[in-house]
Amino acid sequence: MKSRSSSSLFCYFHPIFDFPGFSLISPESISKRDHIVRLTMAAATKPTRIGLAGLAVMGQNLALNIAEKGFPISVYNRSTSKVDETVERAKKEGDLPLYGFHDPESFVKSIQKPRVIIMLVKAGSPVDQTIKTLSAYLEKGDCIIDGGNEWYENTERREKAMAELGLLYLGMGVSGGEEGARNGPSMMPGGSFEAFKYIEDILLKVAAQVPDSGPCVTYIGKGGSGNFVKMVHNGIEYGDMQLIAEAYDVLKSVGKLSNEELHSVFAEWNKGELLSFLIEITADIFGIKDDKGEGYLVDKVLDKTGMKGTGKWTVQQAADLSVAAPTIASSLDARFLSGLKEERVEAAKVFKAGGFGDILTGQVVDKKQLIDDVRQALYASKICSYAQGMNLIRAKSIEKGWDLKLGELARIWKGGCIIRAVFLDWIKKAYDRNPDLANLLVDPEFAKEIIERQSAWRRVVCLAINSGISTPGMSSSLAYFDTYRRGRLPANLVQAQRDYFGAHTYERVDVEGSFHTEWFKIARQLKN
């Protein structure tokens, strides 16, 4: 780390503000853009409160949010055009106290001690490179916060490396997309508690605010817990989106609902138990006409779903921890299959020639009944998806000794984030009633909800199967429920097979101990 110097800085400055601690110098240095001035460190008595590096969509909007809440902020980006753009936005959106820098040294030195810098850059090596660039100018006690979707073990590695330099480190999940970052996201900081205390006052004001619940932020726990929780949040989000897509497919393909009807249905659903951000935006989508042609825009969108990796990480972690997460896994598989667009088009031709259309006809449905059944199936499936995500978080918390509070996680997801929903309040209450709840399915209130909806759920899945429509999320959620609620499964046969061909042994229901049977010898004797 370099020592501090009094070298001159380049800063973007709003004329209506005197930048704290800086004074103007020779007017001939003023650039063509009237808000760009050359400043020198004259009397650095009031530097900015915080810095943010990485001004893509999330970074830019979070910086403006912080500035709007009254915290002077310095911003930096490798691509200087992003700095210019952010400063212009700050000026237009209320002359916010946001100051841009084109070089990392000036950026770092403009921030008050102990310095706190949020990074919002692409996960992986770009994070390491940004840390290397910034840490050259940081001093002991300063703090770096990674606000991206990073793999939790990378956060733990970096926290240790930063500690060796005398620096503090946080991995903070930020959810809410562009709108959330600008107006109030859900934030999940994990790592150094001392670092969290540096920035707690800012986070409490910047986070989404939910009446009767408070700011959607809390200290998650040690190590990479913040990133891990955000990862599972995204996995649950995958499941939610897939379930909604399946509800849409059944209603449109079997129920023959128009986009106008779908808009009305989802808008109505958003007034009840399914009230949520994702249901709200789904209703909006069905109401938007195509500005480049006839009809509705949703029908022109290519049926290939992208992904950035957090859903895959969630499923991998579930497998590593032996936690069943079939709804989340099926949503990931659905994205993989959606990517095979060309293959699916060719397959459709092959099977159409064999008598299979996209939809198997012949199903006569009562539209009103179908809409109600799909609503119930969607809600029941959603319970299963969240149960899987919460169980995964708890398993990791036990493994790592994080002591995560599941009810508190549900609370901070109630606002700002993509999966925000009224439903999360009921999850919080379930864990408040019983912090050691084995599974959301056995909470008395959720068990009642499932029981009341299971008939409609089964009707929807059967209808979809008979119509040739894939509903992997709803089907796997139902299978998860049916498996979990049964006291005895056919797993006894699978274990007997394992012992037969691999001598893996088995336990008995009537006698304690581990047993092995010479199945092959006995079977051969019986055949003779």
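Mentor: A residue is called buried under 20% relative accessible area, exposed over 50%, and partly exposed in between, with a 1.4 Å probe and protein chains only. The model is predicted, so local features need pLDDT of at least 70 and side-chain atom pairs count only at pLDDT 80 or more, while totals for chains, interfaces and linings use all residues. Residues are numbered from 1 along each chain as its sequence is written, and side-chain values use heavy atoms, leaving out hydrogens and water.

First, the setting. The chain has 528 residues, of which 49% count as buried, and its C-alpha trace spans about 100 × 65 × 45 Å along the principal axes. Its secondary structure comes to 20 helices and 12 strands; these are DSSP runs numbered from the N terminus, with helices (H or I) of at least four residues and strands (E) of at least two. Of the contacts (heavy atoms within 4.5 Å) between residues at least 6 apart in sequence, 70% join residues at least 24 apart.

The search uses a 1 Å grid over the protein atoms alone: a cavity is a set of points where a 1.4 Å probe fits but cannot get out, a pocket is an open set with protein on both sides within 12 Å along at least five of seven lines, and lining residues have an atom within 4 Å of a point. Points are joined across faces, edges and corners, and a volume is the space filled by probe spheres set on them.

The largest pocket has a volume of about 2200 Å³. It is lined by 50 residues, and those closest to its centre are Ala245, Tyr248, Asp249, Asp303 and Ser338. At least two lining residues come from each of helices H8 (225-254), H10 (277-286), H12 (326-338) and H13 (341-353); H8 gives the most, 11 residues. By class the lining holds 27 nonpolar, 10 polar and 13 charged residues, where Ala, Val, Leu, Ile, Met, Phe, Trp, Tyr, Cys and Pro count as nonpolar, Asp, Glu, Lys and Arg as charged, and the others, Gly among them, as polar.

The second largest pocket has a volume of about 950 Å³. Its lining has 28 residues, with Met58, Asn149, Lys230, Asn234 and Lys308 nearest the centre. The classes here are 12 nonpolar, 10 polar and 6 charged.

A search of the whole structure finds 1 cavity of 30 Å³ or more, and the largest cavity has a volume of about 40 Å³. Its lining consists of Asp240, Leu243, Ile244, Leu274, Ile279, Leu378 and Lys382. H8 and helix H14 (367-400) are the elements that give two or more residues to this lining, and H8 gives the most, with 3. Of the residues lining the largest cavity, 5 are nonpolar, none is polar and 2 are charged.

H8 therefore needs its own check: its 30 residues should span 44 Å at 1.5 Å a residue, and its end C-alpha atoms are 43 Å apart, which agrees. The expected span is 1.5 Å times one less than the number of residues. H8 is mostly covered, with 25 of its 30 residues buried. Just after H8, Lys256 takes a positive phi of about 60 degrees.

Asn65 is buried because its relative accessible area is 0%. The side chain of Asn65 makes a polar contact with the side chain of Lys69 at 2.6 Å and reaches the backbone oxygen of Val206 at 3.2 Å. A polar contact is a pair of N or O atoms within 3.5 Å; within protein, one must be able to donate a hydrogen and the other to accept it, and residues adjacent in sequence count only if both atoms are side-chain atoms. Beyond its neighbours within four places in sequence, Asn65 is in contact with Gly180, Ala181, Arg182, Asn183, Gly184, Pro185 and Val206.

For contrast, Lys122 lies in the loop between strand E7 (116-119) and helix H4 (125-135). Lys122 counts as exposed because its relative accessibility is 68%. The C-alpha atoms of Lys122 and Gly54 are separated by 8.8 Å, although the two are 68 residues apart along the chain.
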